[in-house]
Amino acid sequence: IGQEVNSAYYQAINLESDNKGIIVDKNMETSCKNVYAAGDIVSKDLYQVVTATSEGAKAAFEIIKKHRNEAK
């Protein structure tokens with residue numbers, strides 16, 4: 001908190017971003033299919049541990065759900 005975002009490492013893989021971080025959809029998926037982001041790297045208004053853990057759980061759930069659907 002209080003530091004500037006270092007975007008060089010995710011800009012190299014062309015993830016859509018703004019001046020706050022990586023842009024994700026409601027499932028925490030980035031502009032690159034099957035790549036998810038959560039926590040302080042995500043562009044949002046509220047940066048707290050509770051929001052980061054919630055985003056991580058949501059991303060994990062979506063990845064598991066997608067994997068199960070592909071396995072059918």
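A residue counts as buried when its relative accessible area is under 20%, as exposed when over 50%, and as partly exposed in between, with a 1.4 Å probe and protein chains only. By that rule Lys44 is buried, because its relative accessible area is 12%.

This is a predicted model, in which local features need pLDDT of at least 70 and side-chain atom pairs count only at pLDDT 80 or more, while totals for chains, interfaces and linings use all residues. Residues are numbered from 1 along each chain as its sequence is written, and side-chain values use heavy atoms, with hydrogens and water left out.

## The overall picture

The protein has two helices and zero strands. Helices (H or I, at least four residues) and strands (E, at least two) are DSSP runs, numbered from the N terminus. Along its principal axes, the C-alpha trace spans about 45 × 30 × 15 Å. Of the 72 residues, 26% count as buried.

The protein exposes about 5300 Å². Carbon and sulfur atoms supply 54% of that area. Such areas come from the Shrake-Rupley method with a 1.4 Å probe; for residues, only the protein chains shown count as cover.

Contact means heavy atoms within 4.5 Å. Take the contacts between residues at least 6 apart in sequence: 26% of them join residues at least 24 apart.

## Helix α2

Does the span of α2 agree or disagree with its number of residues? The expected span of a helix is 1.5 Å times one less than its number of residues. The 23 residues of α2 should therefore span 33 Å, and the end C-alpha atoms are 33 Å apart, which agrees.

Thr51, Glu55, Ala59 and Glu62 are buried in α2. An α-helix has 3.6 residues a turn, so residues three or four places apart point the same way. Val49 is also found in helix α2. Val49 counts as exposed, because its relative accessibility is 67%. The C-alpha atoms of Val49 and Gly39 are separated by 7.8 Å, with the two residues ten apart along the chain.

## Salt bridges

A salt bridge is a side-chain nitrogen of Lys or Arg within 4 Å of a carboxyl oxygen of Asp or Glu. The structure holds four salt bridges. Among them are these:

| Pair | Closest N and O atoms |
|---|---|
| Lys20 and Asp45 | 2.6 Å |
| Glu55 and Lys44 | 2.9 Å |
| Glu62 and Lys65 | 3.4 Å |

Start with Lys20 and Asp45, which form a salt bridge. Both lie in the loop between α1 and α2, so the pair ties together parts that are 25 residues apart in sequence. Lys20 is partly exposed, at 33% relative accessibility. Asp45 is exposed, at 69%.

Next comes the salt bridge between Glu55 and Lys44. This pair links distant parts of the chain, with Glu55 in helix α2 and Lys44 in the loop between α1 and α2, eleven residues apart. Glu55 counts as buried, at 12% relative accessibility.

The salt bridge of Glu62 and Lys65 sits within α2. The two are three residues apart, so about one helical turn separates them. Glu62 counts as buried, at 10%. Lys65 is partly exposed, at 38%.

## The loop between the helices

Lys44 is found in the loop between α1 (8–11) and α2 (49–71). What does Lys44 touch, not counting residues up to four places away in sequence? The list is Lys20, Gly39, Thr51, Ala52 and Glu55. A polar atom of the Lys44 side chain lies 3.2 Å from the backbone oxygen of Gly39.

Asp18 lies in the loop between α1 and α2. Asp18 counts as partly exposed, at 33% relative accessibility. Leaving out residues up to four places away in sequence, Asp18 touches Tyr10, Ile23 and Ser43. Its side chain makes a polar contact with the side chain of Ser43, at 2.7 Å. A polar contact is a pair of N or O atoms within 3.5 Å; within protein, one must be able to donate a hydrogen and the other to accept it, and residues adjacent in sequence count only if both atoms are side-chain atoms. The C-alpha atoms of Asp18 and Asn69 are separated by 32 Å, and these residues are 51 apart along the chain.

## The nonpolar core

A nonpolar core is a set of buried Ala, Val, Leu, Ile, Met, Phe, Trp, Tyr and Cys residues joined through side-chain atoms within 4.5 Å. The largest nonpolar core has nine residues, including Tyr10, Tyr36 and Ala59. Among the residues that Tyr36 touches, not counting those up to four places away in sequence, are Met28, Ala59 and Glu62.
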